[in-house]
Amino acid sequence: FHATCEVMVDASQQESPKASGPLLGAPVLVVDGHATSCSNLCELLSTWEMKPTGVHDLGTAQDALMKAGQPFALAVLRAKAPEPEGVAMVEELRRTARFQGAVVLLVPAGSVTALSDRCQALGIRSIVHKPIGEARLLAALQSAVEGNRAVLRARPQTLRTQNSRKVLLVEDNPINRHIAMVVLEKRGHRVVVVGTGREAVERLA
């Protein structure tokens, strides 16, 4: 009989690191298919005074985004590699409920360390390799949130209107979808994007 357990250890630190600034009280979406790992990570984030919501798959993550009373400032995703799996996961989340939070990917040791242009364009701000040290993870979260805030501040301000509506956009072409979403959001509308008629019916049900 044997068992394998993932633990977060940082031998270089005598005391546990502490979060500060924009991380304090920040809503964090944790997407990890391993229940124990997800629970441990959420517990760690809670000790740093963040507000984690742990889910085990993309479908549940999208539901959490739709139902969130306060937008998630950060998403922490477990993936086998930044590309293509990590990118595909983030693309799906970006389609949901105007998610604009920063993204940190947790990937196995030996995966690439540099962020490609595609990753950066999707808001993937940091890659953390396992096993995960607390100090290293906290530094990645802090950097991701601060970097994302700077990017959002640099974007043109959205035009607010008194007739703002929640819009369901059905479009299977990624380029057309992006253009339509930008136009609608600039007019102050809240956009939910789906790729097929079936998904649209499910959203309306």
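## A parallel sheet and its neighbours

Strands E3 and E4 pair in the parallel sense over five bridges, where two strands count as paired if DSSP finds at least two bridges between them, and where helices (H or I, at least four residues) and strands (E, at least two) are DSSP runs numbered from the N terminus. This is a predicted model, in which local features need pLDDT of at least 70 and side-chain atom pairs count only at pLDDT 80 or more, while totals for chains, interfaces and linings use all residues. Residues are numbered from 1 along each chain as its sequence is written, and side-chain values use heavy atoms, with hydrogens and water left out.

Strands of a sheet pair through backbone hydrogen bonds, either parallel or antiparallel. Here five strands form an open sheet with parallel pairing, in the order E2-E1-E3-E4-E5. Strand E2 (51–55) and strand E5 (124–129) are the edge strands, each of which pairs on one side only. On average, and with direction ignored, neighbouring strands of this sheet are turned by 20° against each other, the axes being lines fitted to C-alpha atoms, for helices over the stretch in contact, with angles that run from 0 to 180 degrees between N-to-C directions.

| Helix | Strands touched | Angle between directions |
|---|---|---|
| H1 (residues 35–47) | E1, E2, E3 (74–78), E4 (102–107) | about 175° with E2 |
| H3 (residues 82–94) | E1, E3, E4, E5 | about 145° with E4 |

At one side of the sheet, strand E1 (residues 27–31) and E2 pair in the parallel sense over five bridges, and Pro 27 has Lys 51 in E2 as its bridge partner.

How many residues of E4 are buried? Six of the six residues of E4 are buried, so this strand is largely enclosed by the rest of the structure; buried means under 20% relative accessible area, exposed over 50%, and partly exposed in between (1.4 Å probe, protein chains only). Ala 102, Val 104 and Leu 106 point one way from E4, whereas Val 103, Leu 105 and Val 107 point the other way. Leu 105 in E4 stands opposite Leu 77. E4 is also joined to E5 by five bridges, and these two strands run parallel, with Val 107 opposite His 129 in E5.

Strand E5 also contains Ser 126, which counts as buried because its relative accessibility is 9%. The side chain of Ser 126 reaches the backbone oxygen of Ala 140 at 3.3 Å.

Conventions: Contact = heavy atoms within 4.5 Å. Polar contact = N/O pair within 3.5 Å; in protein donor to acceptor, adjacent residues only side chain to side chain.
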